[in-house]
Amino acid sequence: MEPRFLLQQLHLAERLKDTTRHCYTSGGRHESVADHSWRLCLFAWFLRDEFPELDMDKVLKMCLIHDLGECFTGDIPSFEKTSDDSAKEDSLLTRWVATLPEPYRADMTALYAEMEALETEEAKLYKALDKLEAVIQHNESPLDTWLPLEYELNLTYGNDAVSFSPYLKALRAEILADTQKKIAEEK
């Protein structure tokens with residue numbers, strides 16, 4: 001990639017460091033999209049041995065690029081995001097990917113299509129980890145930052161995404177226990 005073009009793309013991606021998500025960190029500051037993406041990648045890397053049959057490099061790439069569209073639109077919590085919001089983000093991201101040189105353009109286009117289809121085990125794993133990381137972060141955030149709807153949402157969010165894997169179902173059960181403990185401590 002030509003050096004000037006590379007720098008331009010890195011400057012664009014830097015926006016994710018300042019793009020905040022709905023959730024807070026354990027220290028009480030808004031989590032950034034970059035924070036979430038970094039830990040999602042670490043999460044996937046730690047699970048390499050649990051899923052030896054999968055192409056974990058592909059899963060890591062999916063985790064790395066999954067929220068790049070938020071460079072253009074910001075983050076909209078899943079419980080507020082509309083189909084129009086998703087279409088706008090997808091359109092802007094597709095236009096940006098089309099500006100990339102090969103092989104990045106083809107690789108990212110294929111990855112985004114696979115992620116959207118959610119048919120491969122790699123795509124299913126990325127999506128499950130993305131949802132689980134969000135619940136883990138909520139469990140780490142102060143309860144006074146939770147919206148009323150999150151008390152119920154954090155009990156069920158990601159359940160559908162983990163159904164394909166006994167390991168992920170067990171992990172989700174552990175995360176649920178953490179959520180229930182956190183809520184009980186408030187009472």
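Q: On a 1 Å grid over the protein atoms alone, a pocket is an open set of points where a 1.4 Å probe fits, with protein on both sides within 12 Å along at least five of seven lines, and lining residues have an atom within 4 Å of a point. How many residues line the largest pocket, and which lie nearest its centre?

A: This is a predicted model, in which local features need pLDDT of at least 70 and side-chain atom pairs count only at pLDDT 80 or more, while totals for chains, interfaces and linings use all residues. Residues are numbered from 1 along each chain as its sequence is written, and side-chain values use heavy atoms, without hydrogens or water. Here 39 residues line the largest pocket, with D67, K81, Y126, K127 and D130 nearest its centre.

Q: Which elements give two or more residues to that lining?

A: Helices (H or I, at least four residues) and strands (E, at least two) are DSSP runs, numbered from the N terminus. For the largest pocket these elements are β1 (20-24), α5 (83-98), α6, α7 (121-140) and α8 (148-156). The largest share, eight residues, comes from α7.

Q: How much space lies in the largest pocket, and how does its lining divide by residue type?

A: A volume is the space filled by probe spheres set on the grid points, which are joined across faces, edges and corners. The largest pocket holds about 1000 Å³. Ala, Val, Leu, Ile, Met, Phe, Trp, Tyr, Cys and Pro count as nonpolar, Asp, Glu, Lys and Arg as charged, and the others, Gly among them, as polar. The lining of the largest pocket has 15 nonpolar, eleven polar and 13 charged residues.

Q: Is D130 buried or exposed?

A: Buried means under 20% relative accessible area, exposed over 50%, and partly exposed in between (1.4 Å probe, protein chains only). D130 counts as buried because its relative accessibility is 13%. D130 lies in helix α7.

Q: How is Y104 classed, and where does it lie?

A: Y104 is in helix α6 (residues 104-117). Y104 counts as partly exposed because its relative accessibility is 40%.
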